[in-house]
Structures are given as C-alpha cells and as structure tokens.
Amino acid sequence: MASTAPFAKMNGIGNEIIVADMRGRADRVTPAAALALNADAATKFDQIMAIHDAKTPGTAFFIDILNSDGTGAQACGNGMRCVVQALAAETGQKTFAFETVAGILNAEEHADGLISVDMGKPRFGWQDIPLAEEFRDTRMIELQIGPIDAPVLHSPSVVSMGNPHAIFWVDRDVWSYELDRFGPLLENHPIFPERANITIARVTSPETMVIRTWERGAGLTRACGTAACAAVVAAARTRRTGRSVSLVTPGGGSLHVEWRGDDHVILTGAAEWEFSGSFDPSTGVWARDTESAA
Ligand SMILES: N[C@H](CCC[C@H](N)C(=O)O)C(=O)O
C-alpha cells in the first residue's frame, strides 16, 4: 500500500476543506495527521472529507469527516459539495450517493456548477440533539450567556442535522457579537454532551437570513453548511421564515436551503478547488503536486 494518499485543498464558500482520497486503502486519516495538516498555514483547514470505499450497497463511497481539532463529525454540508465537485471532475458523473456517519446523502452537480446535497432529515428530540436534560420544546431552550439580567445571547433553538446545532436569534448585526469569546463557552456547555455548533442568526426577510457560526471542533469559520440547514429548519419551525431560504455567510458567500415537504433538507451552493498534493494519512506529512503549483 502506498504510504501517501492524494488530496485536494478546496473550500465550500470559504469553509476550508481538505478532500482526502482514501479509496482502496484500509487505513484512516488519523487525528494526529489532522492536527499536523492544520498546523501548516498552507493546508490549514476546517474539515477533512476522507473518501473511502463504500460500506453499503447502493452507495458509491463512505465519507469520514474530521474537524481541525482532530475530532470526528457526523456531517459537513460545505465539505460534501467539495467531494462532489472533485469526483464529478474526475469521473464526469453528476449524481452521487454517499454514506456518512449521519446516514445516506444524495448529491448532484448542476449544469451551472452549483451543487445540491440532500442533507437528510432534521432531528428535534432532546436526546437526538443530544441535550444533557429533557427539553420538551427544542424550538427554544433555557440557555443564555452574558449578564443574568441582560443576557447577550439566550433562548436558542436546537436542531440535529446529524451533528448538533444551537441557533441564537438576534436582531442586530451578526458581527456585533463577540462570538470568538462566547462560542467556545457555548460549544463546551454541559447541556451539550457531544458539544455543539453555535450559530448567530439574523432573519432579514421570510426568505433571507444572515448567519455566523462558531463550529464545534473548528472554531470561527467563514461558512458552515449544516448550520445553514439547522438555521433554516429552526427559523421555519418558529415561523420566522418559510422553508426555502437564502443565507449570507461570513465569507461573503451565499447558500440556499430548502426544507422539503418530505422533511429532507436540500443545501445548494458552490465549491472551489485550490491545489492538489499527496500526504501521509498517519502523520500529515504532505507535498504539493508540481503541476498544481499556484
Ligand atoms: N464542525 C461540525 C462539522 C462541520 C460542519 C460544517 N463545516 C458544515 O459545512 O456543515 C461538527 O463538528 O459538527
């Protein structure tokens, strides 16, 4: 078995992604390799999307997801679009069925280059998020941060898109909140036994929203696809928006989310290739492909 595997450094509207080609291999990308790659400015990333041989008939590949802190994640919407773009460029195929820890995901690259991923069905039960204690109504739970008599953020909606999300609703500019300070406190709050992705959401119309996310295991990112899905589902559940919403994300990109009548959540947006290389999945030692040198 070759000691190195191919990878592509990509981004999903600014969400920094490494797509690792682990097909035909029995090993996995290690947390140590993730930490080493993230420590190098050239390969610093938010998530690694590792493409493995399929485990389930009817799916093309199994996708293993690692955050930049080396922890695993069940879902990554922006990363899935990067995987689709890379595989479509390699094979000419435009539709794919993947398996992740969160389940089976179908995806399609459109003629205009945008990519849609069926992120599956949201889950709302307190044990599905999961939460450490029972909350019957997860449209708004008791959680706040800041002075007890004047909390800065409070009463979030919580949703699982396979990964846990808390959505705090705000009516001021999303950049006016110290998410770099509040994010880690909320991510690691004991109410979230598996930690959580923390999003500030400002609804600007029944079809538009601005969001900013502190990601579990990755920190502040320029976009978070599953957070966009969670925010739209939570906004529709609380009658703040309809079920088809366009979102502006911190990197200046935009995503579209549709919560379909069959309960599936469809995430649509762009993906971008940056450069390719090869790396050791156990150590993270890497080299850039000569022909892809910028
Ligand atoms: N940090 C997330 C995974 C990546 C989510 C985000 N990058 C996306 O596009 O969905 C978690 O640990 O649940």
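Predicted model: local features only at pLDDT ≥ 70, side-chain atom pairs only at ≥ 80, totals over all residues.
## Cys-224

Cys-224 is buried, at 4% relative accessible area; buried here means under 20%, exposed over 50% and partly exposed in between, with a 1.4 Å probe and protein chains only. Cys-224 sits in the loop between strand S15 (219–220) and helix H4 (225–237). Helices (H or I, at least four residues) and strands (E, at least two) are DSSP runs numbered from the N terminus.

Skipping residues up to four places away in sequence, Cys-224 touches Asn-15, Asn-78, His-165, Ile-211, Thr-213, Glu-215 and Leu-255, where contact means heavy atoms within 4.5 Å.

## About the model

Residues are numbered from 1 along each chain as its sequence is written, and side-chain values use heavy atoms, leaving out hydrogens and water.

## The cysteine pair

UniProt's unreviewed entry lists Cys-76 and Cys-224 under "active site". They span 149 residues in sequence, yet no two of their C-alpha atoms are more than 7.8 Å apart, so they gather at one spot.

Cys-76 is buried too, at 6% relative accessibility, in the loop between strand S5 (72–73) and helix H2 (77–91).

## Thr-199

Thr-199 belongs to strand S13 (residues 197–205) and is buried, with 0% relative accessible area. Its side chain makes a polar contact with that of Thr-213 (2.9 Å); such a contact pairs N or O atoms within 3.5 Å, and within protein one must be able to donate a hydrogen and the other to accept it, with sequence-adjacent residues counting only if both atoms are side-chain atoms.

Methods:
UniProt positions renumbered as here; feature names shortened; annotations may be inferred.
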